[in-house]
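Colleague: Could we go through this model together? I would like to begin with a side-chain contact.

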Amino acid sequence: SSYKLPGFKLWKGVKAKQYLMKHLMEVVRVAKIRAADGTEPKCLVDHWVQTLLKTDVGFRNDDIVEVNILGLLFGSQDTTASWITWFFQLMSLYPDILAKIQVEQRQLHSDRDDGITEASLDKMTYTNQVVKEVLRFKNPVQTLGYIAQKDSEVNGIAVKKGMAVF
C-alpha cells in the first residue's frame, strides 16, 4: 500500500509515532526503575507508572503501555483545554469564588516553596469542590451528556427523569 512509501504524509506520521514512542517508552522504563526503588514521583509519568503498578492492570505488555500513554498525552488535550477555558471563564464571572480559592492556596502554600504536592491536594477542600462543580456544569466530554434529575423541558422537548441529555 502507498502509505509505506517514503514521502507520503501517513508514512511520515507512522515514523513520527515510532520515534515518539521509542523515547516515551524510555521515560516509562526509567519511571519503572524509580518506582521499584521507592523514589518519590517527579513527573506525571512517574505518578502514572506507580498507579498502574498498584493495580491489576499493571504492565502486561508494551502495546498496552503505548496505547495508554498516547491516550494520556494526546487524547485528552482538547478536553483539558476546553475545561481550563471554562474554568477561567467562570472564575472571571465569579471573582468571589476565585478569591476563596486563592485564600485556600495561600494558606496551604505560604510557608513552603515546593508547590503543589500529592498530600496538599487532599487539603484543597474548596478548590476540589469548585473543580468538581465546573466539571459538572461544563463537562468537557460532551458525548457523556447529563442525566435528567427530574422531569423537565429543554427547548420545548419533554425530558423525563433519568433520560440522558446531550
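Modeller: The side chains of T127 and E104 make a polar contact at 2.4 Å. A polar contact is a pair of N or O atoms within 3.5 Å; within protein, one must be able to donate a hydrogen and the other to accept it, and residues adjacent in sequence count only if both atoms are side-chain atoms. This is a predicted model: local features need pLDDT of at least 70, side-chain atom pairs count only at pLDDT 80 or more, and totals for chains, interfaces and linings use all residues. Residues are numbered from 1 along each chain as its sequence is written, and side-chain values use heavy atoms, with hydrogens and water left out.

Colleague: Is T127 buried or exposed?

Modeller: T127 counts as buried because its relative accessibility is 13%; buried means under 20% relative accessible area, exposed over 50%, partly exposed in between (1.4 Å probe, protein chains only).

Colleague: Which helix holds T127?

Modeller: T127 lies in helix α7, residues 125-137. Helices (H or I, at least four residues) are DSSP runs, numbered from the N terminus.

Colleague: What else is T127 in contact with, leaving aside neighbours within four places in sequence?

Modeller: Besides E104, T127 is in contact with I101 and Q105, contact meaning heavy atoms within 4.5 Å.

Note on methods: Helix = DSSP H or I, 4+ residues; strand = E, 2+ residues; numbered from the N terminus.
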